[in-house]
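Open the model in your viewer and keep the selection tool at hand. The stops below go from helix to helix and end at the ligand.

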Amino acid sequence: MTNWNDKTVIVTGAASGIGKACAELFADYGANVVLSDLESSAGEEVAARFRDEGAEAMFVGCDVSNPEQIQGLVDSAVETFGALDVAVNNAGVRGDMMPLAEIELEHWQQIIDVNLTGVFTGMKAQIQAMLDSGGGSIVNVASVAGQVGFPDVAAYTASKHGVVGLTRTAALEYSSQGIQINCIGPAVIETPMVEDMTGDEESREQLLGAHPIGRFGTPREVAELIAFLGGDEAGFITGSFIPIDGGYLSQ
Ligand SMILES: NC(=O)c1ccc[n+]([C@@H]2O[C@H](COP(=O)([O-])OP(=O)(O)OC[C@H]3O[C@@H](n4cnc5c(N)ncnc54)[C@H](O)[C@@H]3O)[C@@H](O)[C@H]2O)c1
């Protein structure tokens, strides 16, 4: 079993949804958890709650589309806890829904900056820190949209396909140096990101129909997969895209 008491974990996008559930699970396991998010007051609040419950948790504000802030996040984790063992690149935005020809270049760039460049700069800083301390594990949160197309979210879909390619390439480069790098592909998970898609009865039923299991996923279920991939039990898994999708991609 993984001894989480000795491990330091960074989770980006930890103020909400999947990232929050993930940080909570690592805190329950006894890890040193570094929560990070663009939304500082919400993130501080979550970290303070974990500390009140006895966890080693700290919050560092960081916009993942800003490379200096990402470096600052990794530096803070290493300075405070001595090393970085697990990094979860989870922060992401879906963007407005519209067909490709209507997307403004500026909007495209914003989505790519957060979802793809943010994972690239995140991994750059995290890999260096892990090389310095002898290894670690990185889990990137992609999507089923990293494998198949999705109408009306071209930038999001392109960014998530990019995350899968980045993950595979980085794994080829660094697995022999003790760093495992994987990504996961959730289908619809009930979080604020998809509230507008799951809110009204008609679109909810339509989306549910695309999930053979007959329901959406929960943030906790995704957190359990991420924690497994970050732990010692997953020691032979690297360069993988692992769906967590209620059968979505099997159709
Ligand atoms: N919910 C789903 O159905 C679903 C499905 C597949 C993949 N995902 C992916 O899971 C990840 C988490 O999404 P979620 O559903 O929990 O969404 P969410 O909106 O609940 O949480 C996303 C978090 O990321 C933060 N964030 C956004 N931009 C940021 C930035 N530039 N820098 C730092 N933090 C930033 C937000 O403040 C928020 O706290 C995303 O990468 C998303 O693409 C979600």
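Axes here are lines fitted to C-alpha atoms, for helices over the stretch in contact, and angles run from 0 to 180 degrees between N-to-C directions. Helices (H or I, at least four residues) are DSSP runs, numbered from the N terminus. Residues are numbered from 1 along each chain as its sequence is written. This is a predicted model, in which local features need pLDDT of at least 70, side-chain atom pairs count only at pLDDT 80 or more, and totals for chains, interfaces and linings use all residues.

Select helix α3 (residues 67-81) together with α4: the two pack at an angle of about 30°, with their axes 9 Å apart. That angle makes α3 roughly parallel to α4 (angles under 35 degrees count as roughly parallel, over 145 as roughly antiparallel, 65 to 115 as roughly perpendicular and the rest as oblique). The crossing of α3 past α4 is right-handed, a term for a near helix turned clockwise from the far one by less than a right angle.

Where is the kink in α4 centred? Go to aspartate 113, where the kink is about 40° (the angle between axes fitted to the seven residues ending there and the seven starting there). Just after α4, click glycine 134, which has a positive phi of about 95°.

Next, select α1 and helix α8 (residues 219-230), which pack at about 55° with axes 8 Å apart. That makes α1 oblique to α8.

Finally, select the ligand, which 28 residues surround (C-beta atom, placed from the backbone, within 6 Å). The closest include Gly13, Gly92 and Met193. Helix α1 (residues 17-29) gives the most to this shell, with three residues.
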